[in-house]
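Me: Can you walk me through how this one packs inside? I'd like to go through it bit by bit.

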Amino acid sequence: MNPWIARWLAATLLCLAALAGSAIYLLQTGQPASQREQDALAQTARVKVNELLLYLERNMYEIRTGTHDKELAMLSRNGEIDVLVLALDGSVLFDSTGAANTAYNPRLLLTYDRLANDDDFGRYNIAYPIIDEREDTQIGNAIFSMSRLSLSSGLPSPVWFASTPYLLPAVLAILLAGLLLLMAWKMRNRMMHPLLKLKDHSEQILKGDYGEIAKHDKQDEIGELYAVFDQMRAEIKHLDTRRMEQDQARKELITNISHDLKTPLTTVKAYIEAIREGVCPDMESVMAYVDVMKTNTDKMSRLTEDLLLHALQDLGQISVHLREQYSLALFEDMIKPIAHFARSTGVIIHEPRSIPDVLISADAQRLEQVIGNLVMNALKHTKPEDTIRIEIERTADDLAVTIADTGAGISPEDMPFVFERYYQGRSNGAESALPTDGSGLGLSICKHIVEAHHGMISFRSVRGEGTRFTFTIPVL
């Protein structure tokens, strides 16, 4: 549209400039229509009498003697022109009508190059001097009379004479008006109408209707605006769908955690009541009850911690306090208790054969949560006698930590959503070292903590062969 507007403006300015030039020309050189008509008739008469006048100039001396009267009479009849030839003193040398006086006063009769209109007889009269070609001096005068009809038949009408100087400005004014009308039509059809349609689309979005697609036929600036607007509509629709799904997931999360907390809490309460009532006959039975209560309190503690981290993640307040420290002591202290717990479930766990001792910037508590969540996630997908392997390696610029298992693996349909909050993969029904129920927050929290350490987390899984999670921490 920019080139189109530029061309339209150029054409409009050109018309305005031409219109202004025509107006200036008319102001400077304009003449009345009657005067222009008289000038045109005089020019026509000059052409009409040219042959007669030329003959007079060549034979003026012989005409004085009357020897060329027949030739002059013939030329007069052929041209339908009456001619009166006068000497310089006003005496008549030849008269084609035969009705002339013997002498005339030249001052009263001669009006050179100007037509005299004889309305009584419908004729025009005009006088010309006769010039001697050899001496270039005036030797007489010729007065020509011709029919008004024959003289004006070859000329345009008086209306044409009156309108000719104003024709160009009129054409320019009409062209300018057409350009303005074209511009108004284009503005209405190519700009205002599409913008009004876009306004209707906006109102539909404000009402929560995201299904109507905004389309424009032309690939111009308005078309680009429509394309961007429809991308925005699709993004808003996607975000609204995600928001509704997250709201539903939050509701399900609260329901699940409430149920998950209620069951172990009820179990702990029942065992405490049993101990108080003396159901346990000896200390061994009491310790068995205590072990059951500890298992249930650990489960409640994990659920409570996940719920707290979830709330902090929503608020953007998961605190990660990075501190420079060496990796060997850091990972040894956090891996040993996690490995001990994994072995208690019957799973074979291999600790790192060696841990690179490099300087990193890390939050020990948060990294322990990451490794703990990844090991717990592996235990949910492995059965007793399966293997979990923890490896820590130095790469070019990072420290890579890997937790790999030989469990059931992740279903292909679950892989795109592994790090999504609230998402819980479909259970394959196989036996596992830990219960598979959970909040669907663990891996999302791991991703957040790793990225807060300026690292990356990824996974690779093959159905039936196991899963391998790897995260990196930059080395200083």
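Predicted model: local features only at pLDDT ≥ 70, side-chain atom pairs only at ≥ 80, totals over all residues.

Me: OK, helices first. At what angle do the axes of helix 11 and helix 12 cross?

Reply: Roughly 30°, and the axes come within 10 Å. Helix 11 covers residues 327–344 and helix 12 covers residues 364–380. Angles under 35 degrees count as roughly parallel, so helix 11 and helix 12 are roughly parallel to each other.

Me: And is the crossing of helix 11 and helix 12 left-handed or right-handed?

Reply: Right-handed.

Me: Which residues in helix 11 and helix 12 meet?

Reply: From helix 11, Leu330, Phe331, Met334, Ile338, Phe341 and Ala342. Helix 12 brings Ala364, Leu367, Glu368, Ile371, Gly372, Val375, Met376 and Leu379. By class, this contact has 12 nonpolar, 1 polar and 1 charged residues.

Me: Switching to cores. How many residues has the largest nonpolar core?

Reply: It has 40 residues, and Phe331, Ile360 and Phe471 have the most contacts inside it. Elements giving two or more residues to this core include helix 11, helix 12, strand 8 and helix 13. A second, separate core has 23 residues, including Leu75 and Phe94.

Me: Back to Phe331: what is Phe331 in contact with, leaving aside neighbours within four places in sequence?

Reply: Ile355, Ile360, Leu367, Ile371, Ile392, Leu399 and Val401.

Me: Last one, which residues are buried in helix 13?

Reply: Gly442, Leu443, Ser444, Ile445, Cys446, Ile449 and Val450. Just after helix 13, His454 takes a positive phi of about 65°.

Key:
Residues numbered from 1 in each chain as written. Heavy atoms only, no water. Axes fitted to C-alpha atoms, helices over the stretch in contact; angles between N-to-C directions. Helix = DSSP H or I, 4+ residues; strand = E, 2+ residues; numbered from the N terminus. Parallel < 35°, antiparallel > 145°, perpendicular 65-115°, else oblique. Left-handed = near helix turned anticlockwise from the far one by under 90°. Contact = heavy atoms within 4.5 Å. Nonpolar A, V, L, I, M, F, W, Y, C, P; charged D, E, K, R; others polar. Core = buried A, V, L, I, M, F, W, Y, C linked by side-chain atoms within 4.5 Å. Buried < 20%, exposed > 50% of the residue type's maximum accessible area, 1.4 Å probe, protein only.
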